[in-house]
Amino acid sequence: EGTAPERTRQGEAATDAESDTDRAPETVYGHATAVIRAGTDGVRFLDAEADPIDDADASEAYETLETLETVPTTVVLDGILDQRLLDLAADRGVDRIIARSLGQFTKRPTDVRIHAIDDVAERRPDTE
């Protein structure tokens, strides 16, 4: 009798807490999940503590990275990483880019680590 409203309130509290977690992941992996796996078509720029610096549309990734005052440590891109964005990231001093997939590269800067979520998801350690 008195438990139904309590369950509703508890359910609402849990939903609010989950929403807060979704909005502010604490790890790079959490941001990759929130941006790429959720299919946002966006880009998120993170500092060394994995805190967001800025978010933008994936189509505006280059322009946003070009104009950011603070150089991000990590770029999480729900899109295809192309040579132009990779070169800019290297020039700006970005350490890592996590993208949905990788385009064709004529050169790969050695100072930027790049990861494709699709590649990681499809690999299985016990599969050859």
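Predicted model: local features only at pLDDT ≥ 70, side-chain atom pairs only at ≥ 80, totals over all residues.

Student: In what pattern do the helices and strands follow one another along the sequence?

Tutor: The chain contains five helices and five strands. Read along the sequence, these elements give the pattern α-α-β-β-α-β-α-β-β-α.

Student: Which residues of helix 2 are buried?

Tutor: A residue counts as buried when its relative accessible area is under 20%. In the chain, which has 128 residues, buried residues make up 34%. Helix 2 covers residues 28-37, and its buried residues are Val28, Gly30, His31, Ala32, Val35 and Ile36.

Student: Which residue takes a positive phi just after helix 2?

Tutor: Helix 2 spans residues 28-37. Just after this helix, a positive phi of about 65 degrees is found at Gly39.

Student: How many bridges join strand 1 to strand 2?

Tutor: Strand 1 comprises residues 42-46 and strand 2 comprises residues 52-57.

Student: Which residue in the turn of the hairpin has a positive phi?

Tutor: Strand 1 and strand 2 form a hairpin, with five residues between them. In the turn, the residue with a positive phi, about 70 degrees, is Ala50.

Student: What share of the accessible surface belongs to carbon and sulfur atoms?

Tutor: The accessible surface of the chain comes to about 8200 Å². Of this area, the share belonging to carbon and sulfur atoms is 45%.

Technical notes: Residues numbered from 1 in each chain as written. Heavy atoms only, no water. Helix = DSSP H or I, 4+ residues; strand = E, 2+ residues; numbered from the N terminus. Buried < 20%, exposed > 50% of the residue type's maximum accessible area, 1.4 Å probe, protein only. Areas by Shrake-Rupley, 256 points an atom, 1.4 Å probe, with all protein chains shown as cover. Pairing = 2+ DSSP bridges.
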